[in-house]
Amino acid sequence: MSEIAAWHFTGKTLRDGRPIPADGEWLIHDGPEVVMCETGLHASRRIIDALQYAPGPTVCRVTCRRIVDENKNDKLVCWERRIDWRIENSDELLRSFARKAALSVIHLWDAPAIVKQYLETGDESIRDAAWAAARDAAWAAARDAARDAAWAAAWDAAWAAAWAAARDAAWAAARAAAWAAAWAAKLSEFNILLEQMLMDEHERLRSLSA
């Protein structure tokens, strides 16, 4: 039976209210049919795509089989899914990712110093001030460059990433930062970055428990 590795985020329970299965345990859809976005078990091949659908900050590396449908690399739906390992309460890791994502495009706009300081340090005491400065600078720039589509696209990515990094909900911040970087090349870079950060954290946690 064909199997693929994918990514999936969970909240406190499955979307249907059932408890999250233990690592290594196969979860089997118990309905009569599997329909994309309606029924079945979902996951994404890329972590950057899985972020779009994250109901909470627990990230799971999963194996899927009996796949029924797949929307390019964005999302797939299957009959069976197994959590191979998970990282719970990944708020700080995702917040760090969001800041790195924002810094990777900060050269595309005239970021206020406090925004750059927050993104570089993660100093929570200046988060609100950084968000306010990013918001004001971004809207001013948007008004000045409203007719420049290429610049506006770059601004959208940079501002949204910085905005996302300052959000109260860390997992939502990372999701928004990734989602807002609309072009494929940048998304691919973000995907590689986040996957490596998660793999490194998994290895760190595994070594601690060994």
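A nonpolar core is a set of buried Ala, Val, Leu, Ile, Met, Phe, Trp, Tyr and Cys residues joined through side-chain atoms within 4.5 Å. The model shown in these views is predicted.

**View 1. The fold as a whole has seven helices and five strands.**
Read from the N terminus, the order of the elements is β-β-β-α-β-β-α-α-α-α-α-α. The protein has 210 residues, and 48% of them count as buried. Among contacts in the protein with a separation of 6 or more, 69% are between residues 24 or more positions apart.

**View 2. The largest nonpolar core has 19 residues.**
Phe9, Ile47, Phe97, Leu194 and Leu198 have the most contacts inside this core. Two or more residues come from each of strand E1 (3-10), helix H1 (47-50), strand E5 (75-87), helix H2 (91-104) and helix H7 (184-209). Helix H7 gives the most, with five residues.

**View 3. Ile47 is among the residues with the most contacts inside the largest nonpolar core.**
With residues up to four places away in sequence not counted, Ile47 touches Trp7, Phe9, Val59, Asn191, Leu194, Glu195 and Leu198. Of these neighbours, Phe9, Leu194 and Leu198 are also listed among the residues with the most contacts inside the core.

**View 4. The structure holds two aromatic pairs, and one of them is formed by Trp7 and Trp85.**
The ring centres of Trp7 and Trp85 are 5.8 Å apart and the ring planes stand at 85°, so this pair is edge-to-face. An angle over 60 degrees counts as edge-to-face. Trp7 is in strand E1 and Trp85 is in strand E5, so the pair links distant parts of the chain, 78 residues apart. Trp7 and Trp85 are both buried.

**View 5. Phe97 and Phe190 form an aromatic pair.**
The centres of the Phe97 and Phe190 rings lie 6.1 Å apart, with the planes at 90°, so this pair too is edge-to-face. Phe97 belongs to helix H2 and Phe190 to helix H7, and the pair links distant parts of the chain, 93 residues apart. Both Phe97 and Phe190 are buried. Phe97 is also one of the residues with the most contacts inside the largest nonpolar core.

**View 6. Cys60 lies in strand E4 (residues 58-71).**
The relative accessibility of Cys60 is 0%, so Cys60 counts as buried. Leaving aside neighbours within four places in sequence, Cys60 is in contact with Ala6, Trp7, His8, Thr10, Ile83, Trp85 and Arg86. Both members of the tryptophan pair, Trp7 and Trp85, are among these contacts. From Cys60 to Asp23 the C-alpha to C-alpha distance is 9.2 Å, while the two are 37 residues apart in sequence.

**View 7. The largest pocket contains about 490 Å³ of space.**
The lining has 26 residues, and His8, Arg15, Gly40, His42 and Arg81 are the closest to the centre of the pocket. Strands E1, E3 (41-43) and E5 are the elements that give two or more residues to the lining. Strand E1 provides the largest share, four residues. By type, the lining divides into ten nonpolar, nine polar and seven charged residues.

Note on methods
Residues numbered from 1 in each chain as written. Predicted model: local features only at pLDDT ≥ 70, side-chain atom pairs only at ≥ 80, totals over all residues. Heavy atoms only, no water. Buried < 20%, exposed > 50% of the residue type's maximum accessible area, 1.4 Å probe, protein only. Contact = heavy atoms within 4.5 Å. 1 Å grid on protein atoms, 1.4 Å probe; cavity = no way out; pocket = protein on both sides within 12 Å on 5 of 7 lines; lining within 4 Å. Points joined across faces, edges and corners; volume = space filled by probe spheres on them. Nonpolar A, V, L, I, M, F, W, Y, C, P; charged D, E, K, R; others polar. Phe/Tyr/Trp six-rings, centres within 6.5 Å; stacked < 30°, edge-to-face > 60°.
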